[in-house]
Amino acid sequence: WESLGAAGAALADLRLEILSVGITFVMFLIPALVILAVLGPALSWCSLGSLYSCTVLCYHTLFWSPLNVSRWLGYCLVVYGLCNGDPDCLLWSGATLWYLSYYNNDHLTTKRQWPVVGDRFLATWELMARYFSFRIIPHGKLDPKQTYLACFHPHGVYAFTCFWGTHCNQWRQHYPGVTLWPHGATILFRTPFLRDLLMWLGAKDVSRASLEYSLGHGLSPLLVPGGQLEMLLSSSESKVEVVLGCHRGFLKLALQNGTPLVPLFSFGETRIMDNVRLRFLQDWFRKKMRFAYPYFPYGRFYLPFPRRMPMTLVVGDPIPVKKTPQPTPEDVNALHKTYFDALQALFDKYKGECGYGDVTLCILNEL
């Protein structure tokens with residue numbers, strides 16, 4: 001498709017759209033219609049409108065929609081519900097209108113942040129810090145007036161430590177006035193209710209547009225460069241911590257903006273949770289649908305609950321970056337070496353103190 005230029009890209013989007021719609025209808029609409037036909041009157045509350053709405057919402061939640069098919073289906077559903085007048089249809093029409101309100105790209109900005117929610121969750125962050133015997137080693141010194149691009153390693157299964165670990169009281173004591181704004185996977189901001197909570201807390205999408213928005217407004221983004229692929233490589237029993245060095249987009253972004261990089265390493269991140277291992281299927285879904293399915297994390301008692309293990313977050317020294325509006329591959333490679341050498345040195349210096357003296361760090365630059 002790439003050899004065809006813009007037309008090829010459009011055809012590739014269309015192919016993905018058709019595939020997504022097909023899978024959605026197979027997974028949701030057909031089983032729902034079969035159940036409705038079999039049970040009949042027992043599901044009298046379940047109208048065609050609600051089935052239609054469920055399918056549309058599930059479709060756009062799970063799959064990327066480059067042509068916005070789900071948006072127009074949603075508008076059709078709203079019209080149908082208003083014309084029908086049934087309470088069930090009106091309910092689903094309202095839910096769809098609420099869902100469609102997210103097409104104004106609020107997940108790329110902080111427009112929906114609600115500070116009072118973050119204040120209420122501070123007690124929750126403290127409970128989590130106590131549960132994990134969490135501590136921060138402030139190796140690096142951060143200036144509250146400076147904008148940084150902070151990078152969290154390793155991803156682990158959830159990587160949620162990058163959020164609560166940089167918003168708890170320990171962080172505020174070590175780095176007063178320094179606020180890091182987490183940027184999470186796009187799938188999180190396509191999941192109803194979860195994305196609302198994340199946006200209220202100040203989290204944003206990890207897309208380039210969102211990162212540039214943060215840097216352009218003087219905010220310090222916090223991202224996990226390893227992404228979903230590093231998550232699939234995570235193992236609680238391994239004596240090797242795997243960190244992906246093949247993702248270089250964040251390095252190019254730092255060069256273009258002249259933003260210092262700050263490495264953060266969380267010792268214990270890969271020990272608290274595991275995920276089922278079906279790599280062929282997970283890689284296929286990750287490449288086609290941008291979500292590594294099946295995703296069934298488990299921890300304590302084989303439940304989706306993290307194991308209680310000590311965790312330590314080490315904050316490295318800021319790495320100065322010279323602003324280069326048009327960075328060359330050589331510029332990116334030079335910064336890549338500087339950054340990951342600093343991350344390796346940070347890991348080697350503190351792994352014994354954090355209880356991981358027999359663990360080695362493996363930085364994969366190629367897959």
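Mentor: Glycine 258 comes directly after helix H11 and has a positive phi, near 65°. The model is predicted, so to speak of a local feature requires pLDDT of at least 70 and side-chain atom pairs count only at pLDDT 80 or more, whereas totals for chains, interfaces and linings use all residues. Residues are numbered from 1 along each chain as its sequence is written, and side-chain values use heavy atoms, with hydrogens and water left out.

Helix H11 itself covers residues 249-257; helices are DSSP runs of H or I with at least four residues, strands are E runs of at least two, and both are numbered from the N terminus. Its buried residues are Phe250, Leu251, Leu253, Ala254, Leu255 and Gln256, where buried means under 20% relative accessible area, exposed over 50% and partly exposed in between (1.4 Å probe, protein chains only). The elements that cover these residues include strand E2 (149-153), helix H9 (208-216), strand E5 (220-223), strand E7 and helix H13 (329-350), a contact being heavy atoms within 4.5 Å.

Strand E7 spans residues 261-267 and contains serine 266. The relative accessible area of serine 266 is 0%, so this residue counts as buried. Its side chain makes a polar contact of 3.0 Å with the side chain of glutamate 269; such a contact is a pair of N or O atoms within 3.5 Å, in which, within protein, one atom must be able to donate a hydrogen and the other to accept it, and residues adjacent in sequence count only if both atoms are side-chain atoms. Leaving aside residues up to four places away in sequence, serine 266 touches Phe152, His153, Pro154, Thr161, Met311, Thr312 and Leu313.

Among those neighbours of serine 266 are His153 and Pro154, and the peptide bond joining histidine 153 to proline 154 is cis, with omega about -15°. Proline 154 sits in the loop between E2 and helix H6 (161-164). Alanine 159 also belongs to the loop between E2 and H6. Although alanine 159 is not a glycine, its phi is positive, about 60°. With a relative accessible area of 6%, alanine 159 is buried.

Four cavities of 30 Å³ or more are counted, a cavity being a set of points on a 1 Å grid over the protein atoms alone where a 1.4 Å probe fits but cannot get out, with lining residues having an atom within 4 Å of a point. The largest cavity holds about 60 Å³, a volume being the space filled by probe spheres set on grid points that are joined across faces, edges and corners. Val157, Met231, Leu232, Ser234, Asn275, Val276, Arg277, Arg279 and Gln282 form its lining. Helix H10 (227-232) and helix H12 (279-289) each contribute at least two residues to the lining of the largest cavity. By class, that lining has four nonpolar, three polar and two charged residues; Ala, Val, Leu, Ile, Met, Phe, Trp, Tyr, Cys and Pro count as nonpolar, Asp, Glu, Lys and Arg as charged, and the others, Gly among them, as polar.

The structure holds 17 aromatic pairs, meaning rings of Phe, Tyr and Trp (its six-membered ring) with centres within 6.5 Å, counted as stacked when the planes are under 30 degrees apart, edge-to-face when over 60 and tilted otherwise. Tyrosine 131 is buried at 16% relative accessible area, while phenylalanine 305 is partly exposed at 43%. Both belong to one aromatic cluster, formed by Tyr131, Phe132, Phe134, Trp164 and Phe305.

The loop between E9 and E10 also holds tyrosine 302. Tyrosine 302 has a positive phi of about 60° without being a glycine, and its relative accessible area of 71% makes it exposed.

Definitions and conventions. 1 Å grid on protein atoms, 1.4 Å probe; cavity = no way out; pocket = protein on both sides within 12 Å on 5 of 7 lines; lining within 4 Å.
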